Amino acid sequence: MTYPITPRQPLVLMYHGVGLRSASQDPFCLFVPPDTLHRQLRLLLDRGWTPLTLRRYLRGDFPRRSVLVTFDDGYQGLLDEGVPVLRELGVPATAFVLSGVLGGTSAWMAEMPDEPLLDADGVRALADAGLDVECHGWDHGDLANAEPGTLVRNLRDAAAALADITGRRARAFAYPYGTHDPAARRAAAEAGFEVAFSVHDGAGRYAIPRVDINATEIDATFRLKTWRGYPAVRRVSGAVPLLRPALHSLIGFAQRP
């Protein structure tokens, strides 16, 4: 496969949690209600998109309108409320989990520190449900400008701990916060990952950008974000800080409890 992503390569979507959360419970809009997830994935299927397993993505065996669906952090809600949606629609997905905080909570976010994370049994249940379970680091630490020891813990050690649970070596990594630098990308390659994902900032095979999908999406914004030209629009809007929120306000936001 050729990197970075071009219009001929798959769309990669980044979700986080699945479940109904109020704005006060989820100030970062990370949780998408299960009925919304169902509707969004159904929209893709109805428009002829082919959802990919990680193996197929890495192999490069896909039609032009292909999508890799990913979920970050390993929230319990993904297993409880997300997996039934994926199973019903027959959509494969890749989950990036944090090896060092399994069974804990989202303590790295002071604004929402108590969201439960999957434990080791939950991670195995994800794999048993057919999801590709991959590595998101040790404890959600920012890997840009990280010390060498921090990179080792979040890449090599996290991958080894995850392999002890799943029985297989992780092939993909997702940077916490989507942040990376040359040292982090080099460490991901040296740790044996075949690919690593960022969010907005791409830098070759070890920083593939993804399109973030959050709780504020309505059908119109979801369609916009899955439009092939969206990454270019996102880059332009990033250079004009008020443009993107103004456009989103014009299109509309999902109502939240």
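Modeller: We will go through the helix pairs, then the cavity.

Modeller: This is a predicted model, where local features need pLDDT of at least 70, side-chain atom pairs count only at pLDDT 80 or more, and totals for chains, interfaces and linings use all residues. Residues are numbered from 1 along each chain as its sequence is written, and side-chain values use heavy atoms, with hydrogens and water left out.

Colleague: At roughly what angle do the axes of H1 and H3 cross?

Modeller: Helices (H or I, at least four residues) and strands (E, at least two) are DSSP runs, numbered from the N terminus. Axes are lines fitted to C-alpha atoms, for helices over the stretch in contact, with angles from 0 to 180 degrees between N-to-C directions. Here H1 (residues 34-46) and H3 (residues 76-89) have axes that come within 10 Å and cross at roughly 30°. That makes H1 roughly parallel to H3 (under 35 degrees; over 145 is roughly antiparallel, 65 to 115 roughly perpendicular, the rest oblique).

Colleague: Is the crossing of H1 and H3 left-handed or right-handed?

Modeller: A crossing is left-handed if the near helix is turned anticlockwise from the far one by less than a right angle, and right-handed if clockwise. H1 and H3 cross in the right-handed sense.

Colleague: Which residues of H1 and H3 meet?

Modeller: Contact means heavy atoms within 4.5 Å. From H1 come Pro34, Leu37, His38, Leu41, Arg42 and Leu45; from H3 come Glu81, Gly82, Val85, Leu86, Glu88 and Leu89. By class, this contact has seven nonpolar, two polar and three charged residues. Nonpolar covers Ala, Val, Leu, Ile, Met, Phe, Trp, Tyr, Cys and Pro; charged covers Asp, Glu, Lys and Arg; the others, Gly among them, are polar.

Colleague: Are H3 and H4 roughly parallel or perpendicular to each other?

Modeller: The axes of H3 and H4 come within 10 Å and cross at roughly 15°. H3 and H4 are therefore roughly parallel. Their crossing is left-handed. Leu78, Leu79 and Val83 of H3 touch Gly122, Ala125 and Leu126 of H4. That contact has five nonpolar residues, one polar and no charged.

Colleague: How do H4 and H5 cross?

Modeller: The axes of H4 (residues 120-128) and H5 (residues 148-166) come within 9 Å and cross at roughly 70°. That makes H4 roughly perpendicular to H5. The contact uses Ala120, Val123 and Arg124 of H4, with Leu162, Ile165 and Thr166 of H5.

Colleague: Which residues line the largest cavity?

Modeller: On a 1 Å grid over the protein atoms alone, a cavity is a set of points where a 1.4 Å probe fits but cannot get out; lining residues have an atom within 4 Å of a point. Leu41, Leu44, Leu45, Pro51, Val67, Val69 and Val91 form the lining. H1 gives the most, with three residues. By class, the lining has seven nonpolar residues, no polar and no charged.

Terms used: On a 1 Å grid over the protein atoms alone, a cavity is a set of points where a 1.4 Å probe fits but cannot get out, and a pocket is an open set with protein on both sides within 12 Å along at least five of seven lines; lining residues have an atom within 4 Å of a point.
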